[in-house]
Amino acid sequence: MDDSLDTVVVEFDSETGVGTLTMNRPDALNALSGQLRDDIVAGLQQLEAENDDAEGIALRAVVLEGAGEKAFCAGADIGGFSDESAGGSSAPSHYDFVREFPVPVVAKIDGYCLGGGLETALACDFRLASEGSTFGFPEVNLGILPGAGGVQYVSKLAGPSVAKELAMFGNHISAERAAEEGIINHVYDEDAFDDEVKAFVTELAGQAPLSIQAIKKSADMAVHSGLEEGIAYDGQLFAELLKTEDHAEGAAAFGEDREPEFQGR
Ligand code: CO8
């Protein structure tokens with residue numbers, strides 16, 4: 001593929017339809033410089049262009065991984081992210097680009113997955129991790145917060161208490177705990193990691209591609225309905241239930257210290 005991008009490596013396997021995008025700043029634990037963020041977007045665009053000459057859909061799934069032995073990504077490049085919030089980059093946010101990419105993106109996490117790195121993984125459709133990987137939001141130690149939706153995602157996946165614990169203490173958690181909390185999909189032994197990820201992604205890429213795209217949109221829509229909207233809806237339901245005979249029966253049974261007999265009215 002076109003190797004004009006400095007901080008990512010892009011590969012495409014035409015047999016399986018799987019693209020691989022490797023964040024390639026291993027000396028900085030793949031920290032997200034402005035260049036890397038732009039290159040992630042450009043790399044995904046390169047992969048998407050595989051569809052241009054194809055009869056159907058050539059690109060079926062993408063693996064996003066980090067180069068080197070130590071990290072998927074250790075977050076925003078410290079010292080360089082103030083320009084990010086000030087809109088310093090003209091490119092679309094890589095977080096949004098990954099989340100809205102039409103093909104499923106699988107984060108292959110081997111090592112540190114922190115801050116904006118974890119937010120990048122959370123923007124992916126799946127998170128698969130090796131056993132020794134660690135996860136966290138250290139932003140509080142820098143006097144900031146995860147600025148790309150990290151608390152929102154984890155609140156939805158694992159509940160607000162887990163999100164607050166991660167973001168307020170800034171500690172790292174293990175891959176096992178991250179899986180228990182529903183933050184990642186699977187944890188694999190180091191020895192089996194590459195093969196397991198390959199099997200997962202190959203199977204995913206073999207599924208009906210239009211179904212996969214529709215399912216991605218459908219699942220994302222479910223997540224988008226906001227908390228305020230949900231609470232308002234619950235309030236309506238609650239008001240309706242207050243008017244029912246069953247509610248009157250339940251309250252009466254409580255007062256009379258007996259089991260209620262609900263009729264569904
Ligand atoms: N930015 C820049 N460089 C980094 C980063 C980083 N986030 N993380 C590591 N590096 C560099 C180190 O400076 C070091 O470079 P050098 O060799 O030149 O000194 C190299 O990577 C190796 O790191 P360490 O020597 O520190 O390796 P250790 O194994 O000792 O420690 C750690 C690994 C624990 C991961 C440690 O490097 C660390 O704590 N890194 C910082 C992690 C962090 O705080 N990340 C959060 C950044 S803030 C953020 O992500 C906010 C996102 C906001 C998005 C907003 C969107 C609008």
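Me: How do the residues of the shell around the ligand divide into nonpolar, polar and charged?
Reply: The shell has 13 nonpolar, 5 polar and 3 charged residues. Ala, Val, Leu, Ile, Met, Phe, Trp, Tyr, Cys and Pro count as nonpolar, Asp, Glu, Lys and Arg as charged, and the others, Gly among them, as polar.

Me: What kind of model is this, and how are residues numbered?
Reply: This is a predicted model, in which local features need pLDDT of at least 70, side-chain atom pairs count only at pLDDT 80 or more, and totals for chains, interfaces and linings use all residues. Numbering starts from 1 along each chain, as its sequence is written.

Me: Back to the ligand. Which residues come nearest?
Reply: Ala 31, Gly 75, Gly 115, Gly 116 and Gly 147 do, out of 21 residues around the ligand. A residue is near a molecule or strand if its C-beta atom, placed from the backbone, lies within 6 Å of it.

Me: Which helix and which strand each supply at least two residues of that shell?
Reply: Helix H2 (82-85) and strand E6 (112-114). Helices (H or I, at least four residues) and strands (E, at least two) are DSSP runs, numbered from the N terminus.

Me: How many helices and strands does the protein have?
Reply: There are 11 helices and 10 strands.

Me: And how much of the protein is buried?
Reply: 38% of the 265 residues are buried. A residue is buried if 20 or more other C-beta atoms lie within 10 Å of its own, exposed if 12 or fewer, and partly exposed in between, with C-beta atoms placed from the backbone.

Me: What share of the contacts with a separation of 6 or more comes from residues 24 or more positions apart?
Reply: That share is 67%. Two residues are in contact if their C-beta atoms, placed from the backbone, lie within 7 Å.

Me: New topic, helix packing. What is used to describe two packed helices?
Reply: The angle between their axes and the distance between the axes.

Me: At what angle do H5 and H6 cross, then?
Reply: Helix H5 (residues 150-158) and helix H6 (residues 160-169) cross at roughly 140°, and their axes come within 7 Å. That makes H5 oblique to H6. Axes are lines fitted to C-alpha atoms, for helices over the stretch in contact, and angles run from 0 to 180 degrees between N-to-C directions. Angles under 35 degrees count as roughly parallel, over 145 as roughly antiparallel, 65 to 115 as roughly perpendicular and the rest as oblique.

Me: Which residues meet there?
Reply: From H5, Gly 150, Val 151, Val 154, Ser 155 and Ala 158; from H6, Pro 160, Val 162, Ala 163, Leu 166 and Ala 167. By class, the contact of H5 with H6 has 8 nonpolar, 2 polar and no charged residues.

Me: Now Leu 36. Where does Leu 36 lie?
Reply: Leu 36 is part of helix H1 (residues 34-48). Leu 36 counts as buried because 25 C-beta neighbours lie inside 10 Å. Leaving out residues up to four places away in sequence, Leu 36 touches Thr 7, Met 23 and Arg 25.

Me: What about Leu 5, buried or exposed?
Reply: Leu 5 is buried, with 20 C-beta neighbours inside 10 Å. Leu 5 sits in the segment before strand E1 (8-13). Not counting residues up to four places away in sequence, Leu 5 touches Val 10, Asp 39, Ala 42 and Gly 43.

Me: Where are Asn 30 and Asp 257 found?
Reply: Asn 30 is in the loop between strand E2 (18-23) and H1, while Asp 257 is in the segment after helix H11 (245-255). Asn 30 counts as buried, with 30 C-beta neighbours inside 10 Å. Asp 257 has 6 C-beta neighbours inside 10 Å, so Asp 257 counts as exposed.

Me: Last one: how many residues apart in sequence are Lys 198 and Val 18?
Reply: They are 180 residues apart in sequence and 9.5 Å apart in space, C-alpha to C-alpha. Lys 198 lies in helix H8 (residues 193-205) and counts as partly exposed, with 14 C-beta neighbours inside 10 Å.
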